[in-house]
Amino acid sequence: MAVLDAFDLTGKTAVVTGGNTGLGEAFAKALVEAGAGVALAARTRERSEAVAKEISDRGGEAIAVDLDVTDPAQVDRMLDEVTERLGSVDVFVNNAGVCYHRPAAEVPLEEWHSVFDVNVHGLWHCAQAVGRRMIQADGGSIINIGSISAMIVNRPQWQPAYNASKAAVHQLTKSLAAEWAPHNVRVNALAPGYVKTAMAPVDEPRFRRHWIEDAPMQRYATPDELGPSIVFLASDASSFMTGSVLVVDGGYTLF
Amino acid sequence: MEEFSLQDRVAVVTGGGQSLGLEISRALNRAGAEMVIAEVNDETGPDVAEELDGTFVHTDVTDPASVRGMVETVVGEHGRIDVLVNNAGIVHNIPSEEVPDEEWLAVISVNLNGVFWCCREVGKAMLERSSGSIVNIASMSGIVSNHPQPQAAYNASKAAVITLTKSLAGEWASRGVRVNSVSPGYIRTPLTELGMSKTEWADVWIASTPLGSLAEPQEIAPAVLYLASDAASFATGTNLVVDGGYTSW
């Protein structure tokens, strides 16, 4: 099946930040299924080891590596380790992110900073470090996890820092894409709607009115459902695509 | 990776006998789909249908009766339509102040009305089964104005396709039918052949595209397959831009 070959990632090396839980775990597993060797880069080593083992037990290639994206020094160290153990990085998924629900007037300064430290600065550290290497290697695909929160204001919960941080991610995606396109380094974003994870308690009745009923599809997604989108963005199937934001939200942003 | 498979699905591609439509048809077929080439060109349509072991149905998308006939034929022969790709499109490069009425109407008739007639007729059949995926080929021209060549009708028609896609997606989302669009940048097809032969156009096109080249039709087809298949089961109303970074600038 030649067209499916375009989605194949056999022999490629991928890194997923925050790759040991929620969406990141699903992304990592989808990349493995498409043939890639994947590094789960996260703070909680034990959890990463468990997911890596689960993947390995089923015949896939996955390793656990330590990474706190807010510490720039750790990023290069992590990339060195991945390169040594799996090969040079072809695909990098900037997935690590945090979100706090709080009205703007009540957001403490440190909470505001912590959101930007992870969602924007952490993503920047990773993108810059891996981008340098991909430019040297003359190619690569970086996928930033944005959000519908960059396009609309979520409700009923207030999350001003998260929303602003994801808008920054979308525009940074376009900036890096335009700058690095001549080096064959593609940079795109995935903007999910509501997905059932620890970060988004979609089953809580108090969120149903807006999170579910406001979405044209009248449902939330499972993390697994978004895996193929990452495979599409990571692979040659999207070879002419850069600077794009792929919205997968059950239609949420339509209304 | 089975999410990308179209095994046992019936797919209709308008303009499927030529250019981008041909590569889309080949891609969907390679993913397992049973192909219907809905094409106005009676020479290329049957050839492609034969190549893909599919069916050719002569279809003029500007004529609602022809579209209705196509849907009846396909549903009659195949029982259903799982995937519709509205690909048929034309472009005229005429300065707006000089565009004759019939040229404007011709472009809108194929690019916008044709998409709606096909969405409406195929949509009905899909809604009956509470299942289906429609992919409309829009264009980055629905987001930005191309230059230096004039093509107001094309640009306006493609913007309309993007918004029509979102409107239908909103209406049909809770009834099992997804509707998305792909917005390509410049692709190497007969549609851009004239422009590429003129240095003053081609130079601007290339220089305005960060990736520095035109897309091959084969580079757009996988995006259509992604949206058509279960790989994009939570995506509806999405406009997937595949433009080599053109709209980043």
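In chain B, 72% of the contacts with a separation of 6 or more come from residues 24 or more positions apart, a contact being two residues whose C-beta atoms, placed from the backbone, lie within 7 Å. This is a predicted model, so to speak for local features a pLDDT of at least 70 is needed and side-chain atom pairs count only at pLDDT 80 or more, while totals for chains, interfaces and linings use all residues. Residues are numbered from 1 along each chain as its sequence is written, with chains lettered from A and ligands numbered from 1 in the order in which they are written.

A compact globule of 249 residues would have a radius of gyration near 18 Å, so the 17 Å of chain B agrees; the radius is taken over C-alpha atoms, and the globule rule is 2.2 Å times the number of residues to the power 0.38. Along the principal axes, the C-alpha atoms fill a box of roughly 50 × 40 × 35 Å.

Chain B has 8 helices and 7 strands, these being DSSP runs numbered from the N terminus (helices: H or I, at least four residues; strands: E, at least two). Strand S6 (residues 177-184) of chain B runs parallel to S7(B), joined to it by 4 bridges, and B:Pro184 sits opposite B:Val242. In S7(B), residues 239-242, B:Asn239 and B:Val241 point one way, B:Leu240 and B:Val242 the other, and all are buried.

Over in chain A, 7 strands make an open, parallel sheet in the order S3-S2-S1-S4-S5-S6-S7, where pairing takes at least two DSSP bridges between two strands. S3 (61-66) and S7 of chain A are at the edges with a single partner strand each, so one side of each lacks a neighbour in the sheet. Neighbouring strands are turned by 20° against each other on average, direction ignored. S5 (residues 140-145) and S6 (residues 185-192) of chain A pair over 6 bridges, with A:Ile143 opposite A:Asn188. Helix H5 (residues 109-137) of chain A lies across S1, S4, S5 and S6 of chain A, at about 165° to S5(A); axes are lines fitted to C-alpha atoms, for helices over the stretch in contact, and angles run from 0 to 180 degrees between N-to-C directions.

As for the interface, 37 residues of chain A contact 37 residues of chain B.

Note on methods. A residue is buried if 20 or more other C-beta atoms lie within 10 Å of its own, exposed if 12 or fewer, and partly exposed in between; C-beta atoms are placed from the backbone.
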